[in-house]
Amino acid sequence: MTQTAHPLQQTASHDDFRIEPQQAPLGAIVHGLDARQSPSPAQILQLKQALRDHHILIFRDQQLDEAQFLRFTSWFGSVFQPHPDFLVLSSGADGKAPDIVKVANTDDGELGHSELSAHSDHHWTPTPSSGSLLYAQEVPQHGGETVWTNLALAYSTLDEQTKAEIEGLRLINYNPFVRIRNGDYGRMGSIAYRTPDIEPIQGTEHPLVRTHPESGKRLLYLGARTEVELVGVAPERGQALIARLREHLARPELSYSHRWSVGDIVYWDNQATLHARNAFPAEQRRRLQRISLAGSRPF
């Protein structure tokens, strides 16, 4: 029996489709694409190339249900699932995370309304996610912006002496959700570098300077606040070096701040960016849906 395609799953038109780079350190706006429809092969290839070039893609005025959102993300990869025993945001008792994570300050959501420091999702797992798509359903009147940092630009703008100093170093990024699970949330927020007097928790070792698996760009693979340790480096030197690199990452010329509107979808390369969130009033609702895509072991 022949099935008739749903009208919202027809191939998207080429007529108005274009990708406009932003006047910013990263990001491009995608025009003329309805995410309920199937992109053409040419459009998919253009979107993937634009993500490699600009690290985040912004789709405005989208209207999707959960099934349509999942279908749209599937053009770019499979849904991320954490390795067994590695806690991540929204991990269930079985160790799995839902396909769609609700990032909201409502009873059914995660992460509340406070500021979140710049980080790369799932950095502490063996194979961090390659990217994520975040879809805005309700946004506050004030605050709640997401700020992305360009890690390729962060690396390329380091001075040559620092590049030589960090070449070949490996970083352990510790799992913040272990401290949260153990009721040590306050301490988790105060630890930026693990020293011998601090009990270690679950973490994974990756290169401090990562190579992007598709573009080949070199990336400074370090979060702004997560608990870390440099392998084989004396604690005092390691603390000082990480603090210096984080000061560099905080330079405003490396970042773009996105003011959300209802219907926005932002697709970011989690391998090449950090993202942070500004605080917003607790009484104002902010509801977004996030789907993360599977990645590979950093090298």
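1. In helix 1, five residues are named as buried: Gln43, Ile44, Leu47, Ala50 and Leu51. Seen down the helix axis, these buried residues fall within an arc of 125°, so they line one face of helix 1. An α-helix has 3.6 residues a turn, so residues three or four places apart point the same way. Keep in mind that this is a predicted model.

2. What do the buried residues of helix 1 pack against? Their partners are strand 1 (18–21), strand 2 (28–31), strand 3 (56–59) and strand 15 (265–269). The face turned away from the buried side carries Pro41 and Leu45, which are exposed.

3. Helix 1 covers residues 41–54, 14 residues in total. From first C-alpha to last it reaches 20 Å, close to the 20 Å expected at 1.5 Å a residue. His55 follows helix 1, and its phi is positive, near 75°.

4. The structure holds two cavities of 30 Å³ or more.

5. Which strand gives the most to its lining? Strand 17 does, with three residues. Strand 4 (101–104) and strand 17 (287–293) each supply at least two. Among the lining residues are Lys102, Asp108, Gln137 and Arg287. This lining divides into two nonpolar, two polar and three charged residues.

Definitions and conventions. Residues numbered from 1 in each chain as written. Predicted model: local features only at pLDDT ≥ 70, side-chain atom pairs only at ≥ 80, totals over all residues. Heavy atoms only, no water. Helix = DSSP H or I, 4+ residues; strand = E, 2+ residues; numbered from the N terminus. Expected span 1.5 Å × (residues − 1). Buried < 20%, exposed > 50% of the residue type's maximum accessible area, 1.4 Å probe, protein only. Arc of directions from axis to C-beta. Contact = heavy atoms within 4.5 Å. 1 Å grid on protein atoms, 1.4 Å probe; cavity = no way out; pocket = protein on both sides within 12 Å on 5 of 7 lines; lining within 4 Å. Points joined across faces, edges and corners; volume = space filled by probe spheres on them. Nonpolar A, V, L, I, M, F, W, Y, C, P; charged D, E, K, R; others polar.
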